Amino acid sequence: MRSLLAIATLLAAGAAAAQEAPPAPPPPTPATTIADTDWRAVPPANLLVIDTTRGRILVELLPEVAPRHVERIQLLARAGFYDGLAWHRVIDWFMAQTGDPLGTGEGQSFHPDLAAEFTFRRDPSMAFAAVAEPQGARVGFLQSLPVQTQPDAAFAQTGDGKVHGWGLYCPGVAGMARDEDPDTANSQFFIMRQAYPALDKRYTVWGMTVGGLDVVRVLQVGDGDNGMMAQATPDRMTRVRIAADLPEAERPTVQVLSTASDRFRALVDEARTAKGADFSVCDVALPTQVTDG
């Protein structure tokens, strides 16, 4: 089964406690103090538009982080492969999984499996915005994606002048499902309903939800083993496209708070003050503006 096998036992053990946890706060709405110049537009070529039976989900693709996986998602979306497929495995307080033409967890596309892209190489030109610098690391954002990376001082110590980085599994992060072998991702993917750091550097991150996280969180939860659909009727993806391929009149536009802005720094400070010693990059939810096509 193409699933998140490594954490299934941990998830089952913590399920009861998770159900008793308080609901996560909704993402912040754009404040009136955010100036027009503080927004960053998501390029239509890197915007995945997932229409579902529950509403629309918008995911920013990050080719800098996982180029082969982003290429596969784009290929399958353009072929209409994902249209009509079920969210066949959904676990509350964890994630929602789809992309299986069989709906059983065993299916995939006819394309070859992908080699893992658990980490990427960050160079000084990448627009990385740090929010914390624990010893020997930097944590922050690359575009809309929360990431952890080696410190900038390591640039001078590597042969290619780059350092390792990896996406962090915060709410809204999109990752690729796989079998036990790391190099078996194909067409199935999942979107996080909540944070789950046990997945970091173990499943390829390829995108970040920039619209419709509320939709991800209301998808039908599985009633079978390990979140699979047994008697429950799954929600489905009705159409999946790249925004750039849609007619202009149908094309949504998305703006995300720029991590280069003063408002972003203020947002980080607000989250750090609110959380105190428990502060995490997952506590920083970037405001977005979505205009439907």
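This is a predicted model: local features need pLDDT of at least 70, side-chain atom pairs count only at pLDDT 80 or more; totals for chains, interfaces and linings use all residues.
Local features require a pLDDT of at least 70 and side-chain atom pairs count only at pLDDT 80 or more, whereas totals for chains, interfaces and linings use all residues. Residues are numbered from 1 along each chain as its sequence is written, and side-chain values use heavy atoms, with hydrogens and water left out.

Side chains of opposite charge can pair when their charged atoms come close. One of the pairs is formed by the side chains of Asp245 and Arg78, with an N to O distance of 2.6 Å. Asp245 lies in the loop between strand 14 (237-242) and strand 15 (253-257) and Arg78 in helix 2 (residues 67-78), so this pair ties together parts that are 167 residues apart in sequence. Helices (H or I, at least four residues) and strands (E, at least two) are DSSP runs numbered from the N terminus. Asp245 is partly exposed at 40% relative accessibility, as is Arg78 at 46%; buried denotes under 20% relative accessible area, exposed over 50%, and partly exposed in between (1.4 Å probe, protein chains only).

A salt bridge also joins the side chains of Arg241 and Asp83 (3.0 Å, N to O). Arg241 belongs to strand 14 and Asp83 to the loop between helix 2 and strand 4 (89-91), so the pair ties together parts that are 158 residues apart in sequence. Arg241 is partly exposed at 22% relative accessibility, and Asp83 is partly exposed at 26%.

In the salt bridge between Asp152 and Arg138, the closest N and O atoms are 3.0 Å apart. Asp152 is located in the loop between strand 9 (145-149) and strand 10 (163-167) and Arg138 in strand 8, so the pair ties together parts that are 14 residues apart in sequence. Asp152 is partly exposed, with a relative accessible area of 34%, whereas Arg138 is buried at 14%. Salt bridges that share partners join Asp51, Arg56, Arg239 and Glu250 into one network.

Beyond four places in sequence, the contacts of Arg138 (heavy atoms within 4.5 Å) include Arg122, Phe128, Val147 and Asp152. Thr119 occupies the loop between strand 5 (95-98) and strand 6 (120-122) and is partly exposed at 33% relative accessibility. Thr119 and Trp166 are 47 residues apart in sequence, with a C-alpha to C-alpha distance of 4.6 Å.

Notes. A salt bridge is a side-chain nitrogen of Lys or Arg within 4 Å of a carboxyl oxygen of Asp or Glu.
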